[in-house]
Amino acid sequence: MTINEMQEEIVTEFSVFDDWMDKYSLLIEMGNELPPLEAQNKTANNLIEGCQSRVWLHARYENGKVFYQGDSDAVIVKGIVSLLIKILSGHTPDEILSTNLYCIDAIGLKEHLSPTRSNGLVAMLKQMKLYALAFQAGK
């Protein structure tokens with residue numbers, strides 16, 4: 001599935017709900033479905049700067065594609081991590097770097113986050129793109 005196809009799927013999934021409490025519940029559910037991050041990857045190097053909550057993001061490069069794993073100690077933030085991983089993991093660095101992540105605005109997520117969570121979202125996305133850039137440069 002392409003990044004844009006995944007974004008469309010997420011927009012459709014969130015559009016079922018009108019109430020933001022239901023959308024938060026969906027985010028929390030997504031976070032609960034996120035596979036646990038191995039203890040060896042919960043390091044200071046994988047901790048994202050700029051997040052109020054503790055967020056770890058680990059990436060590996062296999063067969064020309066980037067695979068992300070992540071975790072957070074906050075349930076909504078963990079859901080955001082899961083959402084970003086669902087969209088970007090398993091794609092090439094070029095695809096990740098060139099993507100327009102429109103689904104965040106399309107589902108209204110950014111406008112329903114506190115400023116600190118919004119900053120954290122930007123920091124997570126930036127880190128994911130930095131991993132893709134590093135893997136792209138190391139080809």
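How many residues does helix 3 have, and how far does helix 3 reach from its first C-alpha to its last?

## Helix 3

Helix 3 (residues 75-88) has 14 residues and reaches 20 Å, close to the 20 Å expected at 1.5 Å a residue; the expected span is 1.5 Å times one less than the number of residues. Helices here are DSSP runs of H or I with at least four residues, and strands are runs of E with at least two, numbered from the N terminus.

Twelve of the 14 residues are buried, so helix 3 is largely enclosed by the rest of the structure. Buried means under 20% relative accessible area, with a 1.4 Å probe and protein chains only. Among the buried residues are K78, S82 and I85. Just after the helix, G90 takes a positive phi of about 90°.

## Confidence and basis

This is a predicted model: local features need pLDDT of at least 70, side-chain atom pairs count only at pLDDT 80 or more, and totals for chains, interfaces and linings use all residues. Residues are numbered from 1 along each chain as its sequence is written, and side-chain values use heavy atoms, with hydrogens and water left out.

The chain's mean pLDDT (the predictor's confidence in each residue, from 0 to 100) is 93.

Definitions and conventions: Buried < 20%, exposed > 50% of the residue type's maximum accessible area, 1.4 Å probe, protein only.
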